[in-house]
Amino acid sequence: MTRPPAHRPRVGSRTRLLAALLAAGLIAAACGSGSGNGGGGGGGGGGSTSGPTGVVNISDEYGSSWTCQFNPYNSSDVAFGFGPVYEELVYVDGLQSGKATPWLASAFAWSNGNKTLTFTIRSGVKWSDGVAFSAKDVLYSFDLLKKYPALDLNSDWSVLSSVTMKGTNEIVANFKTAAVPYFYYIADETPIVPEHIWSKIKNPVTYLDPHPVGTGAFLMTNCTGQNIQYTANPHYWQPGEPHIKTVNFPAYLSNTPANNDLKTGQDQWGSQFIPSIKSFYIDANPRYFHYYFIPVANVSIFPNLTNPLLAIPAVRQAISYAIDRKRVSQIGEYGYEPPANQTGIVTPTYASWYDSGLAGQYGNAYAYDPHKAVSTLEAAGFTKVNGVFQKNGKPLAFTIINNGGYSDWVAAVDVIKSDLAAVGIEVTPDNLSQTTWNTDVLEGHFELAYDAETGGPGPYYEMRQWLYSPNSAPIGQSASSNWERYRSSTVDQLIDQYAATTSTSVQHQVIDSLEKVMLSQVPVIPVTEEVDWYQYDTEHLAGWVTPGNVYAAPAQYTAPDWGVVLLHLRATS
Amino acid sequence: MRFVLRRLGFFVVTMWAAVSFNFFIPRLMPGNPVLAMEAQHPHLGPQAIHALTILLGGGGHQSLLGQYFQYWGHVLTFNFGISITTSFGTSVNSMVMHALPWTLGLVGVTTVLAFILGTFIGLVSAWRRGSLLDSALPPIFVITSSFPYFWIALLAIYFFSIRLGWLPSSGAYNFLNDTPGATWHYVGDVLQHALLPAVTILITSIGGWILTMRNNVITVLSEDYVRMARAKGLSPWKVMWGYAGKNAILPNLTGFAMSLGFVVSGAILVEYVFNYPGVGYMLLNAVNGLDYPLMQALFLLITVAVLLSVLAADIVTAILDPRTRELG
Amino acid sequence: MPTSQPVVLLDEALLDDDVASEPRRRPGRKLWSAVRQNRKATVGALLLLFFVVLAVFPSQIAPYSPTANSFAPSLAPSGAHWLGTTAQGQDIYSQLIWGARLSLIIAFAAGGLATVIAVIVGVSAAYLGGFTDGILSLVTDVLLVIPVFPLIIVIAAYLRSAGTTDMIIVLGALGWSYGARQLRVQVLSLRNRDFLEAARVRGERSLYIIMAEIMPTLTSLIVATFLGSAVYAVLTAAGLQFVGLGDPNAQSWGTMLYWAQNSEALGAGQPLWAIMPGVCVALLGAAFALLNYAFDEISNPALRPARTLGKRAVAKAAGQAEMSGNGTGPRRRQPATAGAAAGSAAGAAHAEGGHVPA
């Protein structure tokens, strides 16, 4: 089989979230101690005094019907509750380089050489069942993750040494070593749950949580296999929020009905991959239908560095030169995913980190140059025999494994194959089922693999996923990231250095060094930049994320950002 | 009686074959699906893993024979486990029960309609041999009955849904605006969503009925007793209904009961194109997501449905046609 | 092949007379003229020929290579691209032409495989009789009744990456049951015919009897079985590929439909991309079906058992003059021969293309 009728060329989405949670990432500098006032992300000016109105329907195909489980510590269910129902301590906007907005914590501060993080917990917040929220709930949540590692999706406790309560409203988190980048995972990615409910649950790991009680702007009021309905929480702690009354989240088993519902206007907020989006979607209602795809990470070719031919840098360099990334982007991804570059820095999202001088030294970050590819191989002693380069009788012929269910990835790899064939490297695509491909990638059973890491609020996170050797594992064992099995103690040290600092200049230095590694050693070959799929309908709703105003990651499948988006939305008619 | 017993025996043998298929096929394939499942779903508890191992093999704890018997035990107690990907944690039985009514409704009704209409048209066409109807219909329907179902469905969607916007192109009802219940609104919504898929199945399947009936009637018409009836001076209408029709319909009737079984499997593609939440659609989604427990349960359900129809068909045949009883 | 002994030669002379009086057909010339005369068969044959030409000479007919993805994607039909381009920048018209090859290969290979198995099983079962017949018939009936399309889907799910060869093998291995049933019935009806009895008495080996005596009478039925299997193979393969269970990189009409569906071709203003491959599948299926239907008519009178040759054959021959198709193939009659009624329930509906899931 293995060609699931290609449903959702799901570029990451849920697996993106999953992998993000599994990876031990670190955080971008939270700019030292920030202390803000209450009332974080409420958009839309003064709240309307007439109460929330309007409906927004979401179109995001998951390929399955709803199970109506909302346990935020379960990787399959977290995206449904975390955001609108469950909330975080501090909201970090990954697309604005980690801009922090205090949320359930009204203030936070680093101390003790960036090894201690103190949160001041907001007062006046209530759980949706009326019980008061307090620092005790925060303490309880972290203790829960410590007691049940299966719930610790972000591996918070791999860097925490203790979490204690100070006074009545302060939570002090102590780290084993300076772990500044971890702020993102501790503060933004850890949902807080109510102690008075969860302490009575016998086994939180299998707890289904069908009627979630949270502090968020919305209540989960109705759930069937086909639709989840959220309604505005009248006692939400941000005054005047939310502006929207009802949110519907229907379940779609395949892409076509999800896309059709966007096209007919029945759904207003899409997180869909839509082929030929202009003629399919925009043209149906050009005045009000919009889309905006924000690049967030790279889709890359992962060469298995234990393979003797692929261990030769010249081979990897040649591959990078030989691929016409523009064409891959055009043909495989309809142009939605911009071409990537060999530094691995996602542009324009993280353009401020891109070292153009360095890139210039390497053919403008390995811009498409088939002649260079050929000359690189020839310089390394390869000769062309019957149209394929070889050395010592070993031809450059590889298989590349791919997720057969992502039709856009299948098309992209097809273009890669023809590009590489043109320079004399033979590549055979192996389109596998999602599960098989995933296992093979994690366990290193491949020669070349086409996949994407999840990244984070800055280029550091993806680099760490690619290059940090503790993330990797021997062939045959499951590696959470660094699937190409790259090992370098120098690089490991650089990565640790970044983690320990809050100085932006040190951070930039480290990233530049990592870019140099990407350019000179080519351990991973980025091809296109993965985007957040996002469509929006402005006919009856305002407050959307727009190109000039990226206040949150706009895809439904990114938590807790989608809760922030819902807070900004308001009905205009 | 012997006849019925023989058929029941056949039923049992076929069920055994189907269940054994389900058991052996995953074990013959390369790879270890249980390991893949574990990697993909780290939250699967040990109980679920064990259930999967019984289903798919790969666990080294039990002998093959032991697993086989355990599998049979599960099947006979309707223990089909939980869905793994389509709706993690939901019992397969409940999911199947949700989907079954939609398929039975859509495809059952259409098949009955196709049978009635097709038989009638076939009868008339054969009666009026040489007429325009008769010379035009058979070639047309030979051609249409070799059309792929899903292609007709695509055409229907394109013309009636996308271009004209008359009818919806997917789903069984609009679940954002409707809740299931005995209201006219709901019923109307359901009918609206069912119209295109139903017409698709009707167009593609009616040809077979027409041709079969027509050919049966032609054969019967040349039988001696029909000639006798005509010679006796009976009115054409009476001959057609009383003699030709009744005898010609016999093979059609057995075919009809038989077709009820094909109802479930033949509409898989139609459901897929229309995203109609029936058994066929669920099977394809289960296959895409490699939801093995759901997949196997659906396959067994479909086989059982077909077998029951065959059994019913044979019993009906035995009742109506004394000749078959003697073959016992 | 015959082991001759003097006494055999003598009997052969007698035999020859017997043989001559049997309505045995020599396929070939008679068949050809029959095809020419029957309108349906002509149309079907021409269609098939058309596709065969496409399959054999695609590079001469198609303007571009089917995989050349250097064109601008999603172009509307124009002079350079008669049907436009796909969303991946490939010429739809060229893909359509090249697709004929794989589709025909699948039709002939899977159909052929199914026919071969059907012949072996059906003839052996009827000829060997007894216990062997019981087992073979049981297997045939079981396979006949188990719904094949869902079974193929389930098998495809377990195969890690189903290539076209796998699909052909699976289709062939599961599609023989109906033909086997038909052949068995036919051979059973011949079993006690004089010419076979004579051959047995002569001392001919079973293999010879089967190959030289029985098989020629089955030619038309075998052809009909092949044509029916070909329809089934074409439609089922297209269905599997459409749903994504085939190889998405293969060049066939089914995979074109798959990509068109995936790229929302219908909704994005590219209906031809989704419709045309379906037209081709439909036409190819229709070609086989027409030929099949026509073969029923052509072969019917000759294959009728001798004892009923009289009146019905006359009526049929008279009716045959009207070329509007009035044959009743053996599968459409309620078989009068004993032993076939049990299979008829399965047979009748199975025969109709409209009921075969496709």
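**Cores, helices and an interface**

Modeller: The largest nonpolar core has 355 residues, and those with the most contacts inside it are A:Leu89, A:Phe119, A:Phe175, A:Tyr230, A:Ile301 and A:Tyr450. A nonpolar core here is a set of buried Ala, Val, Leu, Ile, Met, Phe, Trp, Tyr and Cys residues joined through side-chain atoms within 4.5 Å. Buried means under 20% relative accessible area, exposed over 50%, and partly exposed in between (1.4 Å probe, protein chains only).

Biologist: Which helix gives the largest share of this core?
Modeller: That is helix H11 of chain C, residues 206–243, with 21 residues. Helices (H or I, at least four residues) and strands (E, at least two) are DSSP runs, numbered from the N terminus.

Biologist: Before we go on, what are the ground rules?
Modeller: This is a predicted model, where local features need pLDDT of at least 70, side-chain atom pairs count only at pLDDT 80 or more, and totals for chains, interfaces and linings use all residues. Residues are numbered from 1 along each chain as its sequence is written, chains are lettered from A and ligands numbered from 1 in the order in which they are written, and side-chain values use heavy atoms, with hydrogens and water left out.

Biologist: Switching to chain B, how many helices and strands does it have?
Modeller: Chain B has 14 helices and zero strands. Buried residues make up 58% of its 328 residues. Of the contacts in chain B between residues at least 6 apart in sequence, 72% join residues at least 24 apart.

Biologist: Where is B:Thr200, and why does it count as buried?
Modeller: B:Thr200 is in helix H8 of chain B, residues 184–221. It counts as buried because its relative accessibility is 1%. A polar atom of the B:Thr200 side chain lies 2.8 Å from the backbone oxygen of B:Leu196. Leaving aside neighbours within four places in sequence, B:Thr200 is in contact with residues including B:Tyr149, B:Ile152 and B:Phe274.

Biologist: Last topic: how many residues of chain C are in contact with chain A?
Modeller: 27 residues of chain C are in contact with 31 residues of chain A. The two chains bury about 2200 Å² between them, 47% of it on carbon and sulfur atoms. Buried area is the accessible area (1.4 Å probe) that two parts lose on being put together, summed over both.

Biologist: How many salt bridges are there across the interface of chain C and chain A?
Modeller: The rule finds zero; a salt bridge is a side-chain nitrogen of Lys or Arg within 4 Å of a carboxyl oxygen of Asp or Glu. On the side of chain C that touches chain A, helix H7 (148–158) and helix H12 (253–262) of chain C each give two or more residues. The largest share, four residues, comes from H12(C).

Definitions and conventions: Contact = heavy atoms within 4.5 Å. Polar contact = N/O pair within 3.5 Å; in protein donor to acceptor, adjacent residues only side chain to side chain.
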